[in-house]
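Hello,

Please find the structure below, followed by notes on what was found in it.

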Amino acid sequence: MSENTKIEWCNHTFNPWEGCVKVGPGCDHCYAEARNARFGGGVAINWGPGAPRRRTSPANWALPIKWNKRAGIMQSAWAHGVELHSGDEAACIAAGFIKPQRPKVFCASLADVFDNAVDPMWRADLFWLIKQTPNLDWLLLTKRVGNARLMMCDAIATIDPMAEWVMPLPNVWIGATVVNQEESDRDIPKLQSVSAAKRFLSMEPLLGPVDLTGLLDGIDWVIVGGESGPGARPMHPDWARSLRDQCQSAGVPFLFKQWGEWIGADQDECPCGPPFKDWMWADGTAFMAGDGQRAMPLFRKVGKKAAGRTLDGHEWNGAPK
């Protein structure tokens with residue numbers, strides 16, 4: 001539960017609860033499950049079928065209220081031409097008189113907002129918190145996007161069935177995690193049917209080539225990244241290139257988050273000294289460049305930090321305006 005985060009596409013992470021169950025190949029090496037086990041004495045007590053979800057503390061739930069207040073001060077100061085005091089966290093912004101960006105909150109990095117096993121009242125409490133924090137943009141990323149529309153409506157109705165909520169909620173972005181062609185074909189149309197201020201795709205860990213032809217209508221952002229952590233699977237550079245090019249053609253902002261543990265030898269960051277190996281998967285099986293993908297004969301496992309996040313010599317930091 002971090003006020004600030006190293007995740008490239010958000011300003012804060014907030015976890016209303018913790019726990020989940022794996023639902024697809026992108027979950028195979030779940031960092032949140034490993035973290036849960038580390039703090040649970042070696043057993044991921046909040047993970048798996050039938051496992052209880054753990055609601056986080058009231059102090060943690062109070063953090064977004066603080067972020068919202070600070071963001072409101074910054075936004076108001078900019079709008080009215082008021083310089084902030086030098087001791088203010090936003091002084092660096094005020095000094096250059098640059099319009100501050102609305103903070104983005106990645107919600108449930110250690111869980112899933114639209115998890116069937118979560119107490120519906122917890123979800124209602126979350127949407128009440130979202131309503132109380134209009135200066136924050138809430139990024140709700142899910143692997144269960146088919147649940148999003150109904151669960152969001154149920155949560156709002158639970159809070160106050162007589163209230164007039166403006167839909168889509170102006171500070172709610174809904175995202176779907178898709179890692180291959182099968183998930184893209186299945187889940188992107190579901191995302192397109194959800195009412196949201198913005199809709200986005202998180203294609204991390206990217207596990208295969210994906211053709212988004214006909215699937216980018218109503219999509220405001222695409223985030224792509226390779227897998228990191230123990231057992232990480234390599235990402236072919238051409239898969240990332242293809243998605244970048246598709247987004248550019250469609251006018252959709254593209255953000256390249258990371259290579260992950262592996263990097264291709266044709267990238268500037270690759271430490272190209274010996275020994276080289278043929279391109280292969282993490283389990284040692286050879287990579288076969290099928291479906292017209294250009295073969296990548298050389299790669300190295302160098303770790304997330306060394307691999308970096310530039311694609312073809314450039315950082316790609318696209319984001320919705």
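Which strands does helix H4 lie across? Helix H4 (residues 120-132) lies across S1, S4, S5 and strand S6 (172-177), running at about 150° to S5. Helices (H or I, at least four residues) and strands (E, at least two) are DSSP runs, numbered from the N terminus. Axes are lines fitted to C-alpha atoms, for helices over the stretch in contact (heavy atoms within 4.5 Å), and angles run from 0 to 180 degrees between N-to-C directions.

This is a predicted model, in which local features need pLDDT of at least 70 and side-chain atom pairs count only at pLDDT 80 or more, while totals for chains, interfaces and linings use all residues. Residues are numbered from 1 along each chain as its sequence is written, and side-chain values use heavy atoms, with hydrogens and water left out.

The sheet is open and has seven strands in the order S1-S4-S5-S6-S7-S8-S9, with parallel pairing (two strands pair if DSSP finds at least two bridges between them). Strand S1 (12-14) and strand S9 (254-258) are the edge strands, each pairing on one side only. From one strand to the next, the twist averages 25°.

Within the sheet, S4 (residues 104-107) and S5 (residues 137-142) pair in the parallel sense over four bridges. Val105 stands opposite Trp138 in S5. Helix H7 (residues 237-250) also packs on the sheet, where H7 touches strand S7 (198-203), strand S8 (221-225) and S9. The direction of H7 makes about 160° with that of S9.

Regards
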